[in-house]
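Dear colleague,

I am handing over the structure that we spoke about, and I would be glad if you could look through it before reading my notes. Please find it just here.

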Amino acid sequence: SKSIEQLPTVWSRLSDIGSKTLLKGLESDNYNVIEDALTQPNITFLLPNDNTLQSAISTGLLNFTKVNETIPQILRHILLDTYPANTLLRERHYILTNDSTHLPLAIASSRQTNNNNETITIQVSSGVVTANVIIKDIQCSNGIIHLIDNFLLPPIETLPTIETIPELETHELLMKSLNLTTVVSGPNKTVLAPNNEAWASANSSTMPYGTLVHNLKYQVIEGIYLSTSLFTSSPDMTITLDTLRRESSLRFERAPDHPDQLLIIGKTNNDIARIIRSDIITTEGVVHIVDKVLSADDFLGMSNNNNNNNNNNNNGRNNERGDTNSNNDGGIGGQLAGAPSNNPLDIPSQDKLESHGRSSFVLIKSNLLMNHIIFCIFLPLLLAL
C-alpha cells in the first residue's frame, strides 16, 4: 500500500471516485479558489455524491453559473482539519468550515434501523439540511474525504428555518396568525419548538390567546444553547435556565435510564418534553424540536397532572376572599379572553382582568340599589296623585 505522501490530494482524488458533476462545474478559472482549498494540508472534504449534486442542480440549489453563490456553498463542505470517522463517532462535534459564515456544522453519530438491523452512521447537520456519511475515510495525501448523501446549505435566520421544516408547520402558523413571530426572531435565542403532533395533543386550536402567548414564550431562551451546553454528560446533573416567559424557567437533564434521551422539565415534574431533533443552527441562534408543548401557567401544569378539581377549588377560595395576586406576569392564560389591540405581547395580568370584572359588578350592583331606593321613595307620591 502507498504511504500517505504518495496518495493523491483531495482535489486529484475527485476524478478517481467519479465526481464528474463537481469537476465539470468547477472547470472555470473562477473556481481556482476551490482547487486551492482542496489542495491545502490537513483538511476533511464532505463530498456530496454525484447523484446528490445532480439533484441539487436540478432543483436550483446549486448553480455553477452563479460563481459568488457557489464558492461559499462548496467551501461549506470543507473542514479545516482532518477528522477520521472514529473521531466523529466518538462524541458530538461543532466544527467550523472554510466558508465565511463562522457557523459550525453539527456532526454526531446516529442510530438508524433498516429491516430490523441497526447501524450507526455519521450525521452532518448544516442549518435545516442533514446528510449521512455513506462512504467514510477516503485517504488522501492532504486529508480525508467522506462521501455524503445530501448537499449542505448555509444556515439562515430562525423564522425562515422554522418555515422550511414540515414538522414545525403548526408552530409556524400559530406564530404568524397571532403576530408573534418576534418571539423567535432576533439574535441570540434558543427555540424549543414543539412539533405538529405536540400542538395537536395540546389542542392548540381551542387554546386561548393568552395561553398560546405564554406557552410560545415559555419555550424560548435568551442565549444560544447547543445540546451539549444544555445537557451534561452525567445523567445526575441538571441545568436550569430562565425563559422569555417572565419568572419562569425550564430544567434540562438526561433520562436516568436512557442517557441518550434529552429531557426538558416544566413547572411540574410530570410536564416533560423530549428533544427529538437537536442543534438546528441558524444565523440568529439554534432550534431544537421537542415532542410536547410545556405549560407556562401553573393552572395548566396542574391540569396536566389531573388536578383540575383541586385547582378549581383553590380558585373559588381565592375569589371568595378577594385574593387576586398572581405570581405570573400574565396570570392564568386559560382565562385571558383576547389580544390587546395595540401590542399583542402586552397581555394584561389576571389581577387586572379580575379587578376590572369586580369593579363592573360592583358598579352594576350600586346602580340597581340606587334605582330601588328611588322607586321606593317616589312610588307612594305617584299613588297619592
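Predicted model: local features only at pLDDT ≥ 70, side-chain atom pairs only at ≥ 80, totals over all residues.

Residues are numbered from 1 along each chain as its sequence is written, and side-chain values use heavy atoms, with hydrogens and water left out.

**Nonpolar cores**

A nonpolar core here is a set of buried Ala, Val, Leu, Ile, Met, Phe, Trp, Tyr and Cys residues joined through side-chain atoms within 4.5 Å, where buried means under 20% relative accessible area, exposed over 50% and partly exposed in between, with a 1.4 Å probe and protein chains only. The largest such core has 26 residues, and those with the most contacts inside it are Leu 22, Ile 34, Leu 38 and Phe 45. Helices and strands are DSSP runs numbered from the N terminus, a helix (H or I) having at least four residues and a strand (E) at least two. The elements that give two or more residues to this core are helices H1 (10-16), H3, H4 and H5 together with strands E1 (43-48), E6 and E7 (143-148), and the largest share, four residues, comes from H5. A second, separate core of 24 residues includes Ile 165, Leu 180, Val 191 and Ala 193.

Taking contact to mean heavy atoms within 4.5 Å, and leaving aside neighbours within four places in sequence, Leu 22 touches Leu 14, Phe 45, Leu 47, Asp 50, Leu 53, Phe 64 and Ile 74.

**Aromatic pairs**

A search of the whole structure finds two aromatic pairs; rings of Phe, Tyr and Trp (its six-membered ring) pair if their centres lie within 6.5 Å, and planes under 30 degrees apart count as stacked, over 60 as edge-to-face and the rest as tilted. Tyr 31 and Phe 64 are edge-to-face, at 6.1 Å centre to centre with 85 degrees between the planes. Tyr 31 lies in the loop between helix H2 (20-25) and helix H3 (32-39), and Phe 64 in the loop between helix H4 (50-58) and helix H5 (67-75), so the pair ties together parts that are 33 residues apart in sequence. Tyr 31 is buried at 2% relative accessibility, and Phe 64 is buried at 15%.

Phe 231 and Phe 252 are also edge-to-face, at 5.9 Å centre to centre and 80 degrees between the planes. Because Phe 231 lies in the loop between helix H11 (227-230) and strand E10 (239-242) and Phe 252 in strand E11 (residues 249-254), this pair ties together parts that are 21 residues apart in sequence. Phe 231 is buried at 3% relative accessible area, and Phe 252 is buried at 1%.

**Individual residues**

Ala 131, in strand E6 (residues 129-140), is buried at 0% relative accessibility. Ala 131 and Leu 46 are 85 residues apart in sequence, yet 9.6 Å apart in space, C-alpha to C-alpha.

Asp 271 lies in the loop between strand E12 (262-265) and strand E13 (272-281) and is buried, with a relative accessible area of 1%. The side chain of Asp 271 reaches the backbone nitrogen of Ser 295 at 2.9 Å.

Finally, helix H10 (residues 209-218) is mostly covered, with 10 of its 10 residues buried.

With best wishes

Notes. Polar contact = N/O pair within 3.5 Å; in protein donor to acceptor, adjacent residues only side chain to side chain.
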